[in-house]
Amino acid sequence: MWIALAVVAAVAAAVIAIYNGLVRLRLQADNAWADIDVQLKRRYDLIPNLVETVKGYAAHERETLEEVVSARSKAMSSQGPVARAEAEGQLTQALKSLFALAEAYPQLRAVESFTKLQSTLAEIEEAVQNARRYYNAVVRDLNTRIAQFPSNLVAGTFGFTPKEFFELTAAAEREAPRVDFGAGR
């Protein structure tokens with residue numbers, strides 16, 4: 001009788017430990033996703049200033065500017081890691097077009113507000129990359145735990161499901177927008 005009770009207590013303790021580990025990883029993943037959201041919001045908030053600055057020097061390049069604004073809106077409204085990654089890839093491509101456009105305007109590259117914006121964007125891009133890397137590492141750990149035995153039994157019982165990675169799909173989208181105009185001066 002005592003042996004059976006000890007076995008039941010050991011199994012219950014193991015289930016509780018596994019459950020708590022899964023909860024911890026899920027919360028870490030949610031927190032990491034929130035960090036990505038914060039960095040992307042900073043990026044979204046910077047883009048209108050960047051567009052306005054470029055517009056002042058290259059107003060006739062309306063199509064490129066509208067493409068950036070449209071990509072920003074789509075990225076802001078996307079939900080979930082897969083949709084967000086796709087929208088972010090399109091925004092990155094639009095920003096590359098904007099910076100390529102700015103290359104053609106040396107007077108724009110000399111404007112202090114533009115250089116500050118490009119520097120801030122470079123910092124934000126780095127922060128987004130770091131946040132994405134951390135999120136994906138936590139999601140990997142959570143998804144691994146959900147798939148491994150015996151935690152897969154606890155995960156299935158309590159409704160834990162794998163999370164999606166935040167990955168950019170195309171190789172061109174993996175490159176951050178080039179924001180250094182120092183070489184062109």
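Trainee: What should I know before reading the values?

Mentor: Residues are numbered from 1 along each chain as its sequence is written. In this predicted model, local features need pLDDT of at least 70 and side-chain atom pairs pLDDT 80 or more, while totals for chains, interfaces and linings use all residues, and side-chain values use heavy atoms, without hydrogens and water.

Trainee: Why are α1 and α5 called roughly antiparallel?

Mentor: Helix α1 covers residues 2-58 and helix α5 residues 112-147. They pack at about 160°, with axes 8 Å apart. Angles over 145 degrees count as roughly antiparallel, so α1 and α5 are called roughly antiparallel.

Trainee: Which hand does the crossing of α1 and α5 have?

Mentor: The crossing is left-handed. That means the near helix is turned anticlockwise from the far one by less than a right angle. The contact residues of α1 with α5 divide into 23 nonpolar, 7 polar and 9 charged.

Trainee: Why is T53 called buried?

Mentor: T53 is in helix α1. Its relative accessible area is 14%. Buried means under 20%, so T53 is buried.

Trainee: Which residues does T53 touch?

Mentor: T53 touches L108, S113, F114 and L117, leaving aside residues up to four places away in sequence. Contact means heavy atoms within 4.5 Å.

Trainee: What is the mean pLDDT of the chain?

Mentor: The mean is 87, and 90% of residues reach 70 or more. pLDDT is the predictor's confidence in each residue, from 0 to 100. Over residues 176-185, pLDDT stays under 50.

Notes. Axes are lines fitted to C-alpha atoms, for helices over the stretch in contact, and angles run from 0 to 180 degrees between N-to-C directions. Helices (H or I, at least four residues) and strands (E, at least two) are DSSP runs, numbered from the N terminus. Angles under 35 degrees count as roughly parallel, over 145 as roughly antiparallel, 65 to 115 as roughly perpendicular and the rest as oblique. Ala, Val, Leu, Ile, Met, Phe, Trp, Tyr, Cys and Pro count as nonpolar, Asp, Glu, Lys and Arg as charged, and the others, Gly among them, as polar. Buried means under 20% relative accessible area, exposed over 50%, partly exposed in between (1.4 Å probe, protein chains only).
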